[in-house]
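Dear colleague,

I am handing over the structure below, and I would be glad if you could look through it alongside the notes that follow.

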Amino acid sequence: MAFLYVLLVLIWSMGFITGKFIVGLIDPNVYLSIRFLCAGLLFAAIALVLRRPFPKWKELPKHIVAGCLMNGFYLGLAYVAIAKGLPAGIMALIGALQPALVTLLAFLLIKEKTSLKGIIGIFIGMFGLLLVVVQH
């Protein structure tokens with residue numbers, strides 16, 4: 001099972017690295033579409049092999065919307081910004097704010113409460129981000 005966690009981290013973290021390499025070679029959103037298709041097929045194959053349940057049809061729209069907002073919208077804009085000259089490292093730092101922003105929006109929009117552990121984790125992440133930014 002640890003293999004799947006490592007695979008997820010590798011696929012996710014490669015995004016900022018490849019974002020810089022594709023500049024001038026392919027449109028960022030075409031690349032992301034191909035990347036998401038490949039990742040989706042890979043995870044669908046793993047789910048089938050491990051016999052994991054798929055979401056019910058009535059739940060599918062919310063998963064699609066979440067995926068579009070969290071990956072398509074966020075990474076689409078990030079890759080366009082990188083293609084227009086924003087350093088990939090700066091984009092990664094901006095991306096590090098995503099957990100805190102999602103938590104804040106979840107509270108403001110749907111009144112979702114975050115556990116104390118979750119809040120501590122977000123503050124630890126923000127502290128780490130601060131350490132990186134202060135060093136430069």
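A search of the whole structure, which is a predicted model, finds one aromatic pair, where rings of Phe, Tyr and Trp (its six-membered ring) pair if their centres lie within 6.5 Å, and where planes under 30 degrees apart count as stacked, over 60 as edge-to-face and the rest as tilted. The ring centres of Y31 and Y79 are 5.9 Å apart and their planes stand at 15°, so this pair is stacked. Because Y31 sits in helix α2 (residues 28–49) and Y79 in helix α3 (residues 60–83), the pair ties together parts that are 48 residues apart in sequence. With a relative accessibility of 18%, Y31 counts as buried, and Y79 counts as buried at 1%; here buried means under 20% relative accessible area, exposed over 50% and partly exposed in between, with a 1.4 Å probe and protein chains only.

As for the protein as a whole, it has six helices and zero strands, these being DSSP runs (H or I, at least four residues, for helices; E, at least two, for strands) numbered from the N terminus. Of its 136 residues, 20% are buried, and the C-alpha atoms fill a box of roughly 45 × 45 × 30 Å along the principal axes.

On conventions, residues are numbered from 1 along each chain as its sequence is written, and side-chain values use heavy atoms, with hydrogens and water left out. Local features need pLDDT of at least 70 and side-chain atom pairs count only at pLDDT 80 or more, whereas totals for chains, interfaces and linings use all residues.

Best regards
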